[in-house]
Amino acid sequence: MPAQDLVTAELTLTGRIRTASNATFLGNIGDVSVVYKPIAGESPLWDFPDGALAHREVAAYLVSEAFGWDVVPHTWLRDGPAGEGMVQLWQEQDPEQIAVDLVATDQVPETGWKHVLEGQDQTGQMVTLVHEDSPALRRMAVFDLVVNNADRKGDHILAMTDGRRYGVDHGLTFHRDHKLRTVLWGWLGETLTAEEHDGLERVREGLHGELGRHLADLLSAEEISALAARCAGLRLTGRFPAPSGEMPAVPWPLF
């Protein structure tokens, strides 16, 4: 379907995701399956009082495109049955793949996985939060650092059949204050790769050009300045940072 039709063709609703904290619908634009989150159905949190969460979702997609890593599915603003909102291409994840998991502590895989934290489940058993050690998930972790993602839950990571890893639900991003809450802490202290540095440089350059112009319609000037500062700081240190500040380091619930 032509890109313009995704904006202008009729959006028909087919269902609703009841577990979402904001109004979230499934729908079709022609034969294209999408997710639709109307601005009218948002429930902003105390620390995100300004602007539409839908705008942040679109801004996250634009930054993903600037990185060149295809972290976020195609996302745009358009009118719909409940008014203007965010629309995103639906992604059918692979049920046989798991990028983030909670496993018994004595059964943590020795290779291919990163350890995040340990705790007790409701029965008192020791469990460990782990995530895969893959380039695709590392890129998502770098992306989350830059957009200041305050809600990277395990279920917000879609494992695709072809090995791609999509991140979704980016309404709680781009706050000017440090808000990072994520399950992807496994690379703490590790040095960024040349590819990751290149991605950061593309975002930095984009903020002075087309990316910056588009973000100006979606975010405040202070939020864009904070985004640029996070990008510059990460390029300067060249390492995955440790948790900081008084905010919890992980979202709750984890999934």
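Which residue stands opposite G119 in β8?

The model is predicted, with residues numbered from 1 along each chain as its sequence is written; local features need pLDDT of at least 70, side-chain atom pairs count only at pLDDT 80 or more, and totals for chains, interfaces and linings use all residues. Side-chain values use heavy atoms, leaving out hydrogens and water.

**View 1. The open sheet of three strands has the order β6-β8-β7, with antiparallel pairing.** Two strands pair if DSSP finds at least two bridges between them. Strands (E, at least two residues) and helices (H or I, at least four) are DSSP runs, numbered from the N terminus. β6 and β7 are the edge strands, and each pairs on one side only. On average, neighbouring strands of this sheet are turned by 25° against each other, direction ignored. Axes are lines fitted to C-alpha atoms, for helices over the stretch in contact, and angles run from 0 to 180 degrees between N-to-C directions.

**View 2. Strand β8 covers residues 126–132 and is mostly covered itself.** Six of its seven residues are buried, where buried means under 20% relative accessible area, exposed over 50% and partly exposed in between (1.4 Å probe, protein chains only). Strand β6 (residues 100–104) runs antiparallel to β8 and is joined to it by five bridges. Here V100 stands opposite H131.

**View 3. Strands β7 and β8 form a hairpin with five residues between them.** In the turn, G124 has a positive phi of about 90°. Strand β7 (residues 113–120) pairs with β8 in the antiparallel sense over seven bridges. W113 has E132 as its bridge partner in β8. The residue opposite G119 in β8 is V127.

**View 4. A second open sheet has five strands in the order β1-β2-β3-β5-β4, with antiparallel pairing.** Its edge strands, β1 (11–16) and β4 (75–78), each pair on one side only. Neighbouring strands of this sheet are turned by 35° against each other on average, direction ignored. β1 and strand β2 (residues 25–29) run antiparallel and are joined by five bridges. In this pairing, G15 stands opposite L26 of β2.

**View 5. Helix α2 (residues 53–67) lies across β3 (32–38), β4 and β5 (85–89).** Helix α2 runs at about 140° to β4. The axes of α2 and helix α4 (residues 194–207) come within 7 Å and cross at roughly 125°. The two helices are therefore oblique to each other; angles under 35 degrees count as roughly parallel, over 145 as roughly antiparallel, 65 to 115 as roughly perpendicular and the rest as oblique. Their crossing is right-handed, meaning that the near helix is turned clockwise from the far one by less than a right angle. V63, A66 and F67 of α2 make the contact with G199, L200, R202 and V203 of α4. Contact means heavy atoms within 4.5 Å.

**View 6. Ring pairs link F67, W69 and F143 into a cluster.** Rings of Phe, Tyr and Trp (its six-membered ring) pair if their centres lie within 6.5 Å; planes under 30 degrees apart count as stacked, over 60 as edge-to-face and the rest as tilted. Four aromatic pairs are found in a search of the whole structure. The rings of F67 and W69 are stacked, because their centres are 4.4 Å apart and their planes lie at 20°. Both F67 and W69 are buried.
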